[in-house]
Amino acid sequence: MKSDVETQAAELLDIDNQNILLNKVAEITDQHVLHLLGRSYNWDDGFAVPEAIINNPNCCLSTALELFYLADGARYLKDKLDVEQSALELWKHFVIGLYEQIIQGRFKRNGIGFKPPLSKVEIYKLKKNLEPSEYIFIEVIEEENLTL
């Protein structure tokens, strides 16, 4: 049986009108709903909903990191210049903007767990090239794990 949070996230995913969905995302006060919505979002539908999620003041660090990796942000961590020169403007803007917000501490740890979707080898290789301020992208946040 689905929890209220899972039900709310699933109902949001069923909204076809993007303007209505964006307005609903802006009104979400439960960080768990934001997290599950972001994790379950169909990226083929564009960046408007993920942007709305990260712009929601209730978006926590784990949700921001989840969206960063779901948008292939690991590619930016591995080769910033390659991404900065990408012709995929919407993707590049989203990944770099989210990266900057995470580095600047815009998102707070708030009870939701996160484990980077990277192998131990990938983490080892990344750690050699990351600045200490970027370690947030490869750290496990030991909190509650959510699934939909």
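Student: Is Cys59 buried or exposed?
Tutor: Buried means under 20% relative accessible area, exposed means over 50%, and partly exposed lies in between (1.4 Å probe, protein chains only). Cys59 has a relative accessibility of 5%, so Cys59 counts as buried.

Student: What kind of model is this?
Tutor: Residues are numbered from 1 along each chain as its sequence is written, and side-chain values use heavy atoms, leaving out hydrogens and water. Local features need pLDDT of at least 70, side-chain atom pairs count only at pLDDT 80 or more, and totals for chains, interfaces and linings use all residues; the model is predicted.

Student: How many disulfides does a search of the whole structure find?
Tutor: A disulfide is a covalent bond between the sulfur atoms of two cysteines; the search takes a pair of cysteine sulfur atoms within 2.5 Å. The cysteine sulfur closest to that of Cys59 is in Cys60, 6.1 Å away, which is too far for a bond. Cys60 is itself buried, at 2% relative accessibility. The number of disulfides found in the whole structure is zero.

Student: How many residues of helix H5 are buried?
Tutor: Helices are DSSP runs (H or I, at least four residues) numbered from the N terminus, and H5 covers residues 61–70. Among its buried residues are Leu61, Leu65 and Phe68. The cover over the buried residues includes helix H3 (31–40), H4, helix H6 (74–78) and H8. Of the ten residues in H5, the buried ones number nine.

Student: At what angle do H4 and H8 pack?
Tutor: Axes are lines fitted to C-alpha atoms, for helices over the stretch in contact, and angles run from 0 to 180 degrees between N-to-C directions. H4 (residues 48–55) and H8 (residues 89–103) have axes 11 Å apart. Their packing angle is about 10 degrees.

Student: Which residues of H8 does H4 meet?
Tutor: Contact means heavy atoms within 4.5 Å. On the H4 side, the residues are Pro50, Glu51 and Ile54. Their partners in H8 are His93, Phe94, Leu98 and Gln101.

Student: How are H2 and H4 placed relative to each other?
Tutor: The axes of H2 (residues 18–27) and H4 come within 9 Å and cross at roughly 15 degrees. Angles under 35 degrees count as roughly parallel, over 145 as roughly antiparallel, 65 to 115 as roughly perpendicular and the rest as oblique. H2 and H4 are therefore roughly parallel.

Student: Which residues of H4 make the contact with H2?
Tutor: From H2, the contact uses Gln18, Leu21, Leu22 and Val25. From H4, the residues are Ala48, Val49, Ala52 and Ile53.

Student: Where does Trp43 lie?
Tutor: Setting aside its neighbours within four places in sequence, Trp43 is in contact with residues including Pro50, Leu67 and Phe94. Trp43 is 81 residues from Tyr124 in sequence and 28 Å from it in space, C-alpha to C-alpha. Trp43 lies in the loop between H3 and H4.

Definitions and conventions
Helix = DSSP H or I, 4+ residues; strand = E, 2+ residues; numbered from the N terminus.
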